[in-house]
Amino acid sequence: MRTWVRSCITAVTVSATLVATGLPAAACGEDDKPATPATRTLGDPGAIKNVRSVGNVPDAAGAISINFLDYGRRDVMVVSGEFGLKVYDLTKNPAAPKLVGQVSLPGLWETEDTEVDQNRKLVFLSRDPRAFEGNTHNGESGIYVVDVSRPEAPAIVSYTKVPAGHTTSCVDNCRYLWTGGPAKADDQPADWGGRPIWVTDVRDPRHPKVNPEPIELARNDGKTDYVHDVQVDGDGVAWVSGRGGVRGYWTNGVHRDPVTNKVRRATAHDPVPYAGGGIAETAAPSRFMHNSFHPAGHRVGDGAWRGQDLIYATEENFVDGCAGDGVLTISSLKGSYHGEGWRSTPSQPFRLQSVGTWGVNGQEGSDPASDDCSAHYFDVRGKVLVQSFYAQGTRFLDVSDPTNPRQIAYYRPGDASAWAPYWHGKYVYVADNARGVDILQLTK
């Protein structure tokens with residue numbers, strides 16, 4: 001959640017160039033570093049190993065997130081960013097995306113982890129209160145629903161104000177959206193550390209309905225705090241990341257609620273806790289978890305951790321220099337299935353057991369002069385995890401041994417500003433805020 005020089009910089013409307021500038025540091029959330037340019041080695045050519053660059057989409061500069069839509073014989077990529085939404089056809093040559101349509105919203109912020117409804121061909125864009133020269137104190141936030149049933153003519157079919165807007169995520173097969181973040185508004189409770197989740201019913205995408213009562217409260221040792229993002233695993237469990245850790249919920253079906261010990265039906269408005277909790281401070285000192293991944297349906301890991309239920313999460317954290325910036329964390333969910341993460345308090349805190357971590361500081365291929373080193377979004381295919389580290393580029397890790405994630409490849413252009421990588425087909429598509437979209441192929 002940062003632009004060129006950190007997430008605290010918000011995008012503002014500019015001319016048709018769609019280039020964004022920054023607001024003063026005062027516009028930052030408390031989790032953000034002040035808006036100072038990242039240090040880079042002058043003339044740094046970058047570094048690459050075991051990766052082949054097969055293409056680049058420079059007209060997507062300002063990119064923040066990528067997703068894909070399947071039209072049968074047609075393969076389409078949607079890119080969201082400071083420009084709004086751009087639609088590219090990958091069918092003829094996935095290494096050379098062809099721009100076919102767009103929705104122009106220059107100054108949009110932030111649209112991280114933009115999600116799509118494959119069946120209805122909808123894209124959900126989250127409007128942060130800092131969009132269009134706004135701020136977290138009183139800026140407007142909400143959700144744009146974009147119809148992409150015709151890739152050449154994407155169209156906004158509705159816009160709905162929501163009290164949160166940093167990210168918005170599909171739950172229950174995109175019948176509902178969970179929207180969270182960023183820092184709290186002035187008219188929200190003084191004891192909140194950030195915005196929780198609001199639920200929006202999008203079964204009728206032209207007339208979304210927002211539930212006025214938020215959920216995922218008291219997530220940080222009993223304090224309502226900043227929910228950053230939600231990822232749904234293959235079993236349908238929605239994993240909520242933010243300040244205080246990662247907690248998973250059922251959003252449909254009948255389950256035993258481990259907090260009340262009663263069997264009840266889960267809904268998007270009243271989900272049933274599953275597992276999770278705070279991440280150990282030894283693994284993630286800030287405990288601000290940016291996003292997560294739960295390998296539902298299979299268990300990964302060798303040795304003592306084979307068969308264990310693990311949660312992968314990114315700590316996004318910026319401090320002076322690079323050594324203390326946020327890392328990839330891997331934790332065991334063991335001991336969290338009976339509501340422990342929902343009973344945690346400052347006096348009796350519950351923390352997941354840390355299994356392993358990985359950070360880019362000092363790793364092969366890194367720019368030692370750069371202070372732009374926090375972990376950001378990642379994607380997993382099999383035993384290979386690919387992750388963006390801003391100016392330190394995109395890293396490929398072998399996570400077959402979760403206690404010892406091992407770098408096997410990297411791609412770091414000298415001007416990298418990598419935000420999020422996505423496996424798709426035989427390539428990895430990287431949303432790079434400076435370069436647009438880089439298209440990579442792992443060669444080993």
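Reader: Which strand supplies the largest share of the lining of the largest pocket?

Author: This is a predicted model. Seven strands each give at least two residues to the lining: β3, β7, β11, β15, β21, β25 and β29. With four residues, the largest share comes from β29.

Reader: Which residues lie nearest the centre of the largest pocket?

Author: The largest pocket has a volume of about 1,000 Å³. Its lining holds 15 nonpolar, twelve polar and seven charged residues. Of the 34 lining residues, those nearest the centre are Asn67, Asp113, Glu115, Gln231 and Val232.

Reader: What is the phi of aspartate 113, and is the residue buried or exposed?

Author: Aspartate 113 sits in the loop between β6 and β7. Most residues other than glycine have a negative phi. Aspartate 113 has a positive phi, near 50°. Its relative accessible area is under the 20% cut-off, so aspartate 113 is buried, at 13%.

Reader: Where does asparagine 173 lie, and what is its relative accessibility?

Author: Asparagine 173 also has a positive phi, of about 60°, although it is not a glycine. It belongs to the loop between β11 and β12. Exposed means over 50%, and asparagine 173 counts as exposed because its relative accessibility is 70%.

Reader: Which peptide bond has an omega of about 0°, and which has one near -5°?

Author: Most peptide bonds are trans. The bond joining tryptophan 109 and glutamate 110 is cis, with omega about 0°, and glutamate 110 is in the loop between β6 and β7. Proline 182 lies in the loop between β12 and β13. The cis bond with omega near -5° runs from glycine 181 to proline 182.

Reader: Which residues of β25 form its covered face?

Author: β25 covers residues 378-381 and supplies at least two residues of the pocket lining. Its uncovered face consists of Asp379 and Arg381. The covered face is formed by Phe378 and Val380.

Reader: What is the bridge partner of valine 380 in β26?

Author: β25 and β26 run antiparallel and are joined by four bridges. They form a hairpin with two residues between them, and glycine 382 in the turn has a positive phi of about 60°. In β26, valine 380 is paired with leucine 385.

Reader: Which side chain makes a polar contact with the side chain of serine 292?

Author: Serine 292 is part of β21. It counts as buried because its relative accessibility is 4%. Beyond its neighbours within four places in sequence, serine 292 is in contact with residues including Gln231, Trp239, Val246, Tyr312 and Phe378. The polar contact, of 3.2 Å, is with serine 241.

Reader: Which residue has a side chain in polar contact with that of arginine 74?

Author: Arginine 74 occupies the loop between β3 and β4 and is partly exposed, at 23% relative accessible area. Its C-alpha atom is 7.6 Å from that of leucine 90, which is 16 residues away along the chain. Among the residues it touches are Leu69, Val100 and Glu152. The side-chain polar contact, at 2.6 Å, is with aspartate 89.

Reader: How much space lies in the largest cavity?

Author: A search of the whole structure finds three cavities of 30 Å³ or more. Residues lining the largest cavity include Arg219, Asp221, Arg247, Arg287 and Arg351. By class, its lining has one nonpolar, five polar and five charged residues. The space in the largest cavity is about 40 Å³.

Reader: What percentage of the residues in the protein chain are buried?

Author: The secondary structure comes to one helix and 31 strands. Of the contacts with a separation of 6 or more, 59% are between residues 24 or more positions apart. Of the 444 residues in the chain, the buried share is 62%.

How values were computed: Residues numbered from 1 in each chain as written. Predicted model: local features only at pLDDT ≥ 70, side-chain atom pairs only at ≥ 80, totals over all residues. Heavy atoms only, no water. 1 Å grid on protein atoms, 1.4 Å probe; cavity = no way out; pocket = protein on both sides within 12 Å on 5 of 7 lines; lining within 4 Å. Points joined across faces, edges and corners; volume = space filled by probe spheres on them. Nonpolar A, V, L, I, M, F, W, Y, C, P; charged D, E, K, R; others polar. Buried < 20%, exposed > 50% of the residue type's maximum accessible area, 1.4 Å probe, protein only. Pairing = 2+ DSSP bridges. Contact = heavy atoms within 4.5 Å. Polar contact = N/O pair within 3.5 Å; in protein donor to acceptor, adjacent residues only side chain to side chain.
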